[in-house]
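Biologist: I am new to this structure. Could you walk me through how to read it?

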Amino acid sequence: MKVECNLEDVFGVMMSKLPRPGLLVTSIGLDGRPNVMTIGWGLVGTMWGERAFMIAIRPSRHTHKLIEEISDFTVNVPTNGMEETIAYCGKVSGRDYDKFKERKLAISDGKRVKSPIIEDCIAHFECKVLGKSRVLPEMLSDDMQKAFYSAGNFNTLYFGKLLSILKNK
Ligand SMILES: Cc1cc2nc3c(=O)[nH]c(=O)nc-3n(C[C@H](O)[C@H](O)[C@H](O)COP(=O)(O)O)c2cc1C
């Protein structure tokens, strides 16, 4: 059973998964098909006066398309033992596969967002996009560009207002 909790209750366990093994972001398209992908980059803090979770999604990801359509997402904290699932969701695209089905991941409706939460995970952040920004090459050193953007594909930074934080009872 999932219950609402404070950020402080789950912040530590969430941060322990970054940057590796990673967290699981869900989204859903206008066609009602949900998707899940792994993230290793993310920040929690305040933005525009609201508690927010910022995720950095490259435009090539299917998730990018879905967040553009629906403007919400959830961030799910996996349990120890879900490493194979995390690696799979970080390699395969929802354009080609139903990752929930392939990895036998149960989902349930988000409480305050359209994107689902992953039942098997231990904590969940439900986020509504407040605003977004783009990583710009001219704002990065040459070293950073070489290290992370040799193929372009500059991340969109989505600032998601934290509408609800859930954990296992
Ligand atoms: C550990 C790990 C962390 C990752 N972090 C990110 C990230 O923060 N942002 C991103 O755009 N892609 C990241 N990826 C890559 C995506 O998870 C991967 O491209 C995924 O297949 C995209 O799925 P989708 O096309 O269904 O959205 C990461 C992959 C792994 C394995």
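**A guided reading**

Modeller: Gladly! The protein chain has five helices and 10 strands; helices (H or I, at least four residues) and strands (E, at least two) are DSSP runs, numbered from the N terminus. This is a predicted model, where local features need pLDDT of at least 70, side-chain atom pairs count only at pLDDT 80 or more, and totals for chains, interfaces and linings use all residues. Residues are numbered from 1 along each chain as its sequence is written.

Biologist: What radius of gyration does the protein chain have, and why does it agree with a compact globule?

Modeller: The radius is taken over C-alpha atoms, and the globule rule is 2.2 Å times the number of residues to the power 0.38. For 169 residues a compact globule would come near 15 Å, and the protein chain has 15 Å, so the two agree. Its C-alpha trace spans about 50 × 40 × 30 Å along the principal axes.

Biologist: Which residues of the largest nonpolar core touch the most other members?

Modeller: In soluble globular proteins, nonpolar side chains tend to be buried together. A nonpolar core is a set of buried Ala, Val, Leu, Ile, Met, Phe, Trp, Tyr and Cys residues joined through C-beta atoms within 7 Å. Buried means 20 or more other C-beta atoms within 10 Å of a residue's own, with C-beta atoms placed from the backbone. The largest core here has 32 residues, and Leu23, Leu24, Val25, Val36, Ile55 and Val75 touch the most other members.

Biologist: And where does the ligand sit, or rather, which residues come nearest to the ligand?

Modeller: A residue is near a molecule if its C-beta atom, placed from the backbone, lies within 6 Å of it. There are 21 residues around the ligand, and Gly40, Thr63, Gly90, Ser93 and Gly94 come nearest. β3 (34-39), β5 (50-57) and α2 (62-70) each supply at least two residues of this shell, and β3 gives the largest share, four residues.

Conventions: Buried ≥ 20, exposed ≤ 12 C-beta atoms within 10 Å, placed from the backbone.
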